[in-house]
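Subject: Structure handover

Hi,

Here is the structure for you to look through. My notes on what was found follow below it.

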Amino acid sequence: MHATPRPHVRLDDLTGLTPLAAITMASDPRPIYAHLRQTWGPVVPVELDEGVPAWLVLDYSNVVRVLRDPTTFTRDVAAWRAFHDGRVTPGSGLHAFFSPRSNAYYTDGDRHTRLRAVVEDGFESIDERLLAREMRAMCNRMLTYAQDIFSNTERAVTAFLELNTMLDQLITHRREHPSPDLLSAIVHHPANLNTTELLDTAQMIMSAGHEMSVAWCTTTLQHLISNRDIHGRVTGGRLGVDEALNTVLVRASPTAHTPCRFTTTHTEIAGRTITKGDAILTAVGEATDAAHRDADLWGISDSQAYLAFGAGPHRCPADHISRIIIKIAVEQALIRLPDLRLTVPADELGYTPSLFARSAPRLPIAFQPSRPHVPSRTPAGIFHT
């Protein structure tokens with residue numbers, strides 16, 4: 001094992017750091033991760049925003065350690081030094097994203113357990129067959145708010161306000177008119193969440209769930225369209241859509257980095273000293289990819305060792321439901337848009353601005369119309385994400 005370079009350096013003393021967004025949006029982040037690892041070891045400093053540093057954990061075992069230890073690495077922003085000393089500027093996208101909220105995403109301990117139980121019970125109450133039918137009927141509908149929320153720009157402030165206004169109206173309606181849906185299950189849950197908790201919990205599900213779902217769906221479609229090996233195996237029946245979804249979670253994780261945790265005490269990771277109050281993220285995409293680097297397509301497609309949904313007490317409770325949704329969306333695209341193909345080279349698609357999620361902002365595609373009355377000329381379409 002190599003010694004960790006500069007193991008006791010203070011995070012706040014470092015300047016000229018690699019912006020996290022530059023990694024997430026890179027056409028190929030592997031060389032960047034490799035360079036950072038060579039320079040710093042498995043725990044590297046990055047910049048979240050101008051003048052706001054954080055540690056980024058790269059290796060699989062320590063990523064899992066951070067995700068499973070909320071006592072040392074908490075989601076509670078009260079522990080983040082930079083948030084309270086003014087470096088995270090009020091009105092910025094970073095400030096809007098990490099401002100405290102009364103939901104399971106931003107809390108730990110008994111409060112997190114109580115708030116998460118409501119969400120888990122809500123997902124358990126979903127009729128999967130009804131969900132599948134509704135997904136097939138609505139697979140062309142798009143949401144817009146979450147793209148701004150995760151943009152790390154001032155647009156996040158407005159997006160949160162607009163989203164909360166819409167959700168507040170829906171919550172009020174569901175109090176009086178419950179339906180067999182997730183929001184009604186949360187509103188009428190025996191835990192009796194207060195108004196703030198209800199609004200923040202609904203916002204968490206809406207924004208985080210949309211971000212992950214769009215990225216997973218977009219990246220899977222991109223791979224099916226542009227990767228001849230995967231496309232041939234799926235269309236030839238040798239690989240199912242479920243296996244294609246797994247392949248993306250391992251090789252091109254829609255979650256590149258988890259949002260920050262904040263250290264509650266001085267600690268050490270892989271020989272690197274981490275100071276109380278530091279922000280720390282995990283490179284779940286890189287850690288998963290590196291752990292499977294020697295695996296072939298069959299080994300990858302069957303793997304359950306991906307970290308896109310996190311680990312520990314904050315692991316996403318919607319992994320099963322989201323797979324149903326994304327699988328149907330991908331299947332419907334393949335069925336309804338025959339001979340699907342990109343109209344631009346895959347390496348020109350770029351990536352949506354984000355610190356955490358990684359996917360193309362759009363998929364410009366062409367396809368062969370299947371209805372006889374449609375003109376024979378191939379139309380072009382774009383999936384905006």
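Start with Pro19, which stands opposite Glu47 in S2. The pair belongs to S1 and S2, which run parallel and share 2 bridges. Two strands count as paired if DSSP finds at least two bridges between them. Helices (H or I, at least four residues) and strands (E, at least two) are DSSP runs, numbered from the N terminus.

Some ground rules. This is a predicted model: local features need pLDDT of at least 70, side-chain atom pairs count only at pLDDT 80 or more, and totals for chains, interfaces and linings use all residues. Residues are numbered from 1 along each chain as its sequence is written, and side-chain values use heavy atoms, with hydrogens and water left out.

**The sheet**

The sheet is open and has 6 strands, in the order S1-S2-S3-S8-S5-S4, with mixed pairing. Its edge strands are S1 (18–19) and S4 (73–74), each of which pairs on one side only. In general, strands of a sheet pair through backbone hydrogen bonds, either parallel or antiparallel.

Buried means under 20% relative accessible area, exposed over 50%, and partly exposed in between (1.4 Å probe, protein chains only). S2 pairs with S3 (residues 52–57) in the antiparallel sense over 6 bridges. Val46 has Ala54 as its bridge partner in S3. Val44 has Leu56.

How many residues of S3 are buried? The count is 6 of the 6, so S3 is largely enclosed by the rest of the structure. In a regular strand the side chains alternate between the two faces of the sheet. Both faces of S3 are covered. Val52, Ala54 and Leu56 are buried on one side, and Pro53, Trp55 and Val57 on the other.

S3 also runs parallel to S8, with 3 bridges joining them. There, Trp55 stands opposite Ile280. S8 (residues 279–282) is joined in turn to S5 (residues 261–263) by 2 bridges, and these two run antiparallel. Phe262 stands opposite Ala279 in S8.

**Helix H6**

H6 has 16 residues (109–124). At 1.5 Å a residue it should span 22 Å, and its end C-alpha atoms are 22 Å apart, which agrees. The expected span is 1.5 Å times one less than the number of residues. Its buried residues are His112, Leu115, Arg116, Val118, Val119, Gly122 and Phe123. They pack against H10 (182–187), H11 (195–226) and H16 (319–336). Contact means heavy atoms within 4.5 Å.

Arg323 is found in H16. It counts as buried because its relative accessibility is 17%. Leaving aside neighbours within four places in sequence, Arg323 is in contact with Trp216, Asp242, Leu245, Asn246, Leu249 and Tyr306.

Ala311 is found in the loop between H15 (297–301) and H16. It is buried, with a relative accessible area of 6%. With neighbours within four places again left aside, Ala311 is in contact with Leu67 and Arg68. The C-alpha atoms of Ala311 and Ile321 are separated by 17 Å, and the two residues are 10 apart along the chain.

**Second largest pocket**

The volume is about 610 Å³. Of the 28 residues that line this pocket, the closest to its centre are Ser27, Arg251, Ala252, Tyr351 and Arg358. On a 1 Å grid over the protein atoms alone, a pocket is an open set of points where a 1.4 Å probe fits, with protein on both sides within 12 Å along at least five of seven lines; lining residues have an atom within 4 Å of a point. Grid points are joined across faces, edges and corners, and a volume is the space filled by probe spheres set on the points.

H1 (20–24), H2 (30–40), H11 and H14 (284–291) each supply at least two lining residues. The largest share, 4 residues, comes from H11. The lining divides into 10 nonpolar, 11 polar and 7 charged residues. Ala, Val, Leu, Ile, Met, Phe, Trp, Tyr, Cys and Pro count as nonpolar, Asp, Glu, Lys and Arg as charged, and the others, Gly among them, as polar.

**Backbone angles**

Asp339 is not a glycine, yet it has a positive phi of about 55 degrees. Asp339 is found in the loop between H16 and S9 (341–342).

Best wishes
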